[in-house]
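The following exercises concern a single structure, shown below.

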Amino acid sequence: MNLSVQQLVILQQLTDTMFPSGAFVHSEGLETYVQSGMVSTPESLEAFLRGRLLRGLALGDWVATHCAMDFYHQQQLDALIMLDERLTAMKVASEGREASMRIGRQTLRTILASRPDPFLSDYQNAIREQRASGHQSPVFGLVCAASGIEKRATLTSCGYSFVSSQVSAAFKLRRIGQAHANRIIWRLQPTIEEAVEVALSQTIDTMQSLTPALDIRMMQHAYLFRRLFNS
């Protein structure tokens, strides 16, 4: 992966907790797993994240990310809209679906406020006209494609961002300490690499969402007695 200094800074900015996407307020179902006792130790958290990487993101959202990059380079807005709507249909739990759209739309607005791009502007107009949803994963791919960043670097950044945010959520939920948090991120590096390769081997036709347990936990989240996160 060859990255210029500017491209490296862009990836760091996109995955930084200071980036105003609103992603930090979402646990993506982890809070429900923690309150149910299914994720209660560093070991169970690591196993949970490994499953989400390999059997969830690598087969679904990350496929949308790298396909969106192709559509940017090919300037295929109609194909991008179709991909976006397929993601909407795949995200069964409303909390996860709405969180994905909020984060994606906010990311797009933030980028366009700093850096005009005709294709991204056309996509934003499609969202405003309710022809597209603006999901997080294709938006991330579009921004990286617009910056000339290649697919493996993009998906690797997605992997680190996901693991880091989930570990941070677990820390806030008081299930792990800082030492365990950093150890989990380090130990999951090979899994992130494997998940990236799995995602790159998939196409829009093979993109799938088969995570019923996660969908159920996301649906249950709205009914928890106490909640620290939005999803």
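**Exercise 1.** In which loop is the place of Arg115?

*Solution.* The model is a predicted one, in which local features need pLDDT of at least 70, side-chain atom pairs count only at pLDDT 80 or more, and totals for chains, interfaces and linings use all residues. Residues are numbered from 1 along each chain as its sequence is written, and side-chain values use heavy atoms, with hydrogens and water left out.

Step 1. Arg115 is placed in the loop between α6 (94-114) and α7; helices are DSSP runs (H or I, at least four residues), numbered from the N terminus.

Step 2. The relative accessible area of Arg115 is 34%, so this residue is partly exposed. On this scale buried means under 20% relative accessible area, exposed over 50%, and partly exposed in between (1.4 Å probe, protein chains only).

Step 3. With neighbours within four places in sequence left aside, Arg115 is in contact (heavy atoms within 4.5 Å) with Ile10, Ala146 and Ser147.

Step 4. From C-alpha to C-alpha, Arg115 and Thr206 are 33 Å apart in space, and they are 91 residues apart in sequence.

**Exercise 2.** Determine how many aromatic pairs a search of the whole structure finds, and describe each.

*Solution.* Step 1. The rings of Phe, Tyr and Trp (its six-membered ring) pair if their centres lie within 6.5 Å; planes under 30 degrees apart count as stacked, over 60 as edge-to-face and the rest as tilted.

Step 1. Tyr33 and Phe48 form a tilted pair, with 4.7 Å centre to centre and 50 degrees between the planes. Because Tyr33 belongs to helix α2 (residues 30-36) and Phe48 to helix α3 (residues 42-55), the pair ties together parts that are 15 residues apart in sequence. Both Tyr33 and Phe48 are buried.

Step 2. Tyr72 and Phe119 form an edge-to-face pair, with 5.5 Å centre to centre and 90 degrees between the planes. Tyr72 is in helix α4 (residues 61-74) and Phe119 in helix α7 (residues 118-128), so this pair ties together parts 47 residues apart in sequence. Tyr72 and Phe119 are both buried.

Step 3. The ring of Tyr33 also has the charged end of Arg217 over it, 5.5 Å from the ring centre. The criterion is that NZ of Lys or CZ of Arg is within 6 Å of the ring centre and within 35 degrees of the ring normal.

**Exercise 3.** How many disulfides does a search of the whole structure find?

*Solution.* Step 1. The search finds 0 disulfides, a disulfide being a pair of cysteine sulfur atoms within 2.5 Å.

Step 1. For Cys67, which is in no disulfide, the nearest cysteine sulfur is that of Cys158, 13 Å away. Cys67 is buried, at a relative accessible area of 7%.

Step 2. For Cys144, the closest cysteine sulfur is in Cys158 at 6.6 Å, which is too far for a bond. Cys144 is buried, with a relative accessible area of 0%.

**Exercise 4.** Which residues of helix α10 (residues 178-187) are buried, and how are they arranged?

*Solution.* Step 1. The buried residues of α10 are Ala181, Ile184 and Ile185.

Step 1. Viewed down the axis of α10, these residues fall within an arc of 100 degrees, so they line one face of the helix. The arc is that of the directions from the helix axis to the C-beta atoms.

Step 2. Ala179, Asn182 and Trp186 are exposed on the other side of α10.

Step 3. The packing partners of the buried residues of α10 are α3, α9 (151-172) and α11 (189-200).

Step 4. Helix α3 also holds Arg52, which counts as buried at 10% relative accessibility. Not counting residues up to four places away in sequence, Arg52 touches Glu28, Leu57, Phe162, Gln166 and Leu214.

**Exercise 5.** Locate the non-glycine residues Gln75 and Gln130 and state their phi values.

*Solution.* Step 1. Gln75 has a positive phi, near 55 degrees. Gln75 lies in the loop between α4 and α5 (77-90) and is partly exposed, with a relative accessible area of 47%.

Step 1. Gln130 has a positive phi of about 65 degrees. Gln130 is in the loop between α7 and α8 (136-146) and counts as exposed at 73% relative accessibility.

How values were computed
Helix = DSSP H or I, 4+ residues; strand = E, 2+ residues; numbered from the N terminus.
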